[in-house]
Amino acid sequence: MDISEVRIKLMNDPHERLLAFCSITFDVSFVIRDLKIIQGAKGAFVAMPSRKLMDRCPKCHTKNHLRASFCNQCGVRLDENRADKDDAGRARLYADIAHPINSECRELIQQEVLKAYQDETISAKQDGYICRYDDFGEEDYARLSPSYEEDSEETKAPAETAGSESIHIRKNNQVFRIDSAESSQESSPPHHTAAEQPESDKVSSNESESRLRGGDTFGSGIV
Ligand SMILES: [Zn+2]
C-alpha cells in the first residue's frame, strides 16, 4: 500500500499544540481526512481522525458527550466520571474513526505526513502559496440569522464546542452553559453568561468560535 498524496492545512499558531490538519490518499484510490499533526513533548506526531464518544441519557435517550454533567436535552444531572478509563487511568473520551493496525503502517503514515508537513511549512512562505486541503468551509464564520436583531433569544444558541470543558443545555427555549467539575465551583448555579466562556480546548482550534462568543453582545439576555 502506497500513500500517493498528503494534503496539509497549517494552523500557523505558535501557541497551539495543533500544528496542522491533513488528509492522506492511499493508492490513488482512497482518502482519509481530518488527521491532525500535534506537537507533543517528544516532537510532532500524527493523530488519527477521531470522534467524541457519547452515551444516552437514561431519562430522555438523547446522546451526550461522556464528560457532560447534564443531559443536553432534558437537563438531568449525569455522573461526570462515567467514562471508561484506559490503562494509564485516563478517561476514554474519543475513538479513532480510521487507524493503522500495525506499527509498520503507523510508521509509514507518520513519516509521510511529517515530511509533507515540513515541505508545506517551506512552501507556505513562498508567494502564491495555495493550501490544497479542502476544509469545506468549516473555518468560515456562520452568517447570523437576519432575524437576530428582533429575536436574539433563538439565534444566540452557541454551537457545540469540540473538546470544550463546558456544555450547553437548551431548555424552554433558553440556553444554559454548564461547566464540568474542573472549571466550575460547586456553589455556582449551572448557568453563566457567555462572556464568561473559558478558552476553548487547546488542541482543537476553536479560536474564532470563542472570540465570537466572548463578544460583549453575545450572551446578553441569558438568565
Ligand atoms: Zn435527557
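Ala20 sits opposite Ile37 in strand E3, in a model that is predicted rather than experimental. For this predicted model, local features need pLDDT of at least 70 and side-chain atom pairs count only at pLDDT 80 or more, while totals for chains, interfaces and linings use all residues. Residue numbers start from 1 along each chain, as its sequence is written. Helices (H or I, at least four residues) and strands (E, at least two) are DSSP runs, numbered from the N terminus.

E2 and E3 run antiparallel and are joined by seven bridges; for two strands to count as paired, DSSP has to find at least two bridges between them. The pair belongs to an open sheet of four strands, ordered E1-E2-E3-E4 with antiparallel pairing. On average, neighbouring strands here are turned by 25° against each other, direction ignored. Helix H1 lies across E1, E2, E3 and E4, and runs at about 50° to E1 (axes are lines fitted to C-alpha atoms, for helices over the stretch in contact, with angles from 0 to 180 degrees between N-to-C directions).

What does the largest nonpolar core contain? It has twelve residues, among them Ala20, Phe21, Ile37 and Ile109. Such a core is a set of buried Ala, Val, Leu, Ile, Met, Phe, Trp, Tyr and Cys residues joined through C-beta atoms within 7 Å; buried means that 20 or more other C-beta atoms lie within 10 Å of a residue's own, exposed means 12 or fewer, and partly exposed falls in between, with C-beta atoms placed from the backbone. Two or more core residues come from each of strand E1 (3–10), strand E2 (18–26), strand E3 (30–40) and helix H1 (103–123). E2 gives the largest share, five residues. Leaving aside neighbours within four places in sequence, Ile109 is in contact (C-beta atoms within 7 Å) with Ile3, Ile24, Val46 and Pro100.

Now for the loops. Asn12, in the loop between E1 and E2, has a positive phi near 55° without being a glycine. Asp27, in the loop between E2 and E3, is not a glycine either, and its phi is positive at about 50°. With 9 other C-beta atoms within 10 Å, Asp27 is exposed. Tyr129 is placed in the loop between H1 and helix H2 (152–155), and counts as exposed with 11 C-beta neighbours inside 10 Å.

Key: Contact = placed C-beta atoms within 7 Å.
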